[in-house]
Amino acid sequence: MSYAIVGFGKIGQALAHAFARNNINVTVASRRPPEALAPQARAVGPTVVAKSLRDALEADTIILAIPFGEHREVAKALPSWKGKTVIDAMNSFPLPPEELDGLPSSTFIAKSFTGAKVVKGFNHLGAATLASDPVVEGGHRVIFLLSDDEDAIAPVADLAKRLGFAPVTLGKLNEGGLLVHAWGRFWGPLIFQDLFKKQQ
Ligand SMILES: NC(=O)c1ccc[n+]([C@@H]2O[C@H](COP(=O)([O-])OP(=O)(O)OC[C@H]3O[C@@H](n4cnc5c(N)ncnc54)[C@H](OP(=O)(O)O)[C@@H]3O)[C@@H](O)[C@H]2O)c1
């Protein structure tokens, strides 16, 4: 399994620290050329290597750590996403919820990554917490994972464990997944909205 993180800002670097801490190879990319990212990547650890976006997208598993509004730009970089797993670590804020066609944000982005297996995860912790060692007082910090593709969750759960997290699967994007989708500045209301609709 090969891994890439697209976006090397607060969340991208936080995740890169987790890969480095556990000696797992990962490539990192952004709009900037790899030479611009390389010093920061090297500072995180020897297993973190900066590449061009095009080269980073050769990985099997790609973590999106970019502003939500940029997802289409990244999606356009590959003619097909078949065979790829995309881990959506983004939150849709500041995009107004009305612009998501009433969909959970990961279902919304999945439309652009045609053929990919989309798994939502690593999106609910602040960057500083995500960057810190997830083994805390003998326990493991929880990561929630959800996907409409049942086969896609196990390898991502395995990665989360290797990174030191305790993965908790919440099912499909429009089921338990609604608990961990931001809706504007808020968390969780999508699930209540759905329940409310069912009661009407
Ligand atoms: N910050 C948090 O605590 C937090 C917590 C949970 C989830 N999130 C989510 O994580 C995502 C990233 O947030 P962040 O705080 O890490 O943002 P950030 O610090 O602004 O970093 C964004 C990164 O994305 C890159 N980028 C932007 N457009 C790109 C494109 N078209 N192609 C490739 N790379 C691109 C930027 O680099 P270049 O300018 O070099 O391209 C930068 O490295 C957001 O969706 C956010 O909602 C953030």
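**A walk through the predicted model**

N123 sits in the loop that runs between β6 (117–120) and α6 (127–131); helices (H or I, at least four residues) and strands (E, at least two) are DSSP runs, numbered from the N terminus. This is a predicted model, in which local features need pLDDT of at least 70 and side-chain atom pairs count only at pLDDT 80 or more, while totals for chains, interfaces and linings use all residues. Residues are numbered from 1 along each chain as its sequence is written, and side-chain values use heavy atoms, with hydrogens and water left out.

N123 counts as buried because its relative accessibility is 5%; buried means under 20% relative accessible area, exposed over 50%, and partly exposed in between (1.4 Å probe, protein chains only). A polar atom of the N123 side chain lies 2.9 Å from the backbone oxygen of V180.

The largest nonpolar core has 37 residues, of which I5, F19, F122, L130 and F165 touch the most other members. Such a core is a set of buried Ala, Val, Leu, Ile, Met, Phe, Trp, Tyr and Cys residues joined through side-chain atoms within 4.5 Å. The elements that each supply at least two residues of this core include β1 (3–6), β2 (26–29) and α7 (150–162). The most comes from α1, with seven residues. A second, separate core of 23 residues includes V6, M90, F113 and A116. In soluble globular proteins, nonpolar side chains tend to be buried together.

The ligand is surrounded by 23 residues, the closest being I11, S30, R31, R32 and I66; a residue counts here if one of its heavy atoms lies within 4 Å of the ligand. Both α1 (10–21) and α4 (71–75) supply at least two residues of this shell. An oxygen atom of the ligand is 2.7 Å from an N or O atom in the side chain of S30, and an oxygen atom of the ligand is 2.8 Å from an N or O atom in the side chain of R31. Taken alone, the ligand exposes 900 Å², and the protein buries 80% of that; accessible areas come from the Shrake-Rupley method with a 1.4 Å probe, and for residues only the protein chains shown count as cover.

Some backbone details remain. The peptide bond from F93 to P94 is cis, with omega near 10°, and P94 is placed in the loop between β5 (85–88) and α5 (105–110). N23, in the loop between α1 and β2, has a positive phi of about 60° although it is not a glycine. N23 counts as exposed because its relative accessibility is 63%.

Technical notes:
A polar contact is a pair of N or O atoms within 3.5 Å; within protein, one must be able to donate a hydrogen and the other to accept it, and residues adjacent in sequence count only if both atoms are side-chain atoms.
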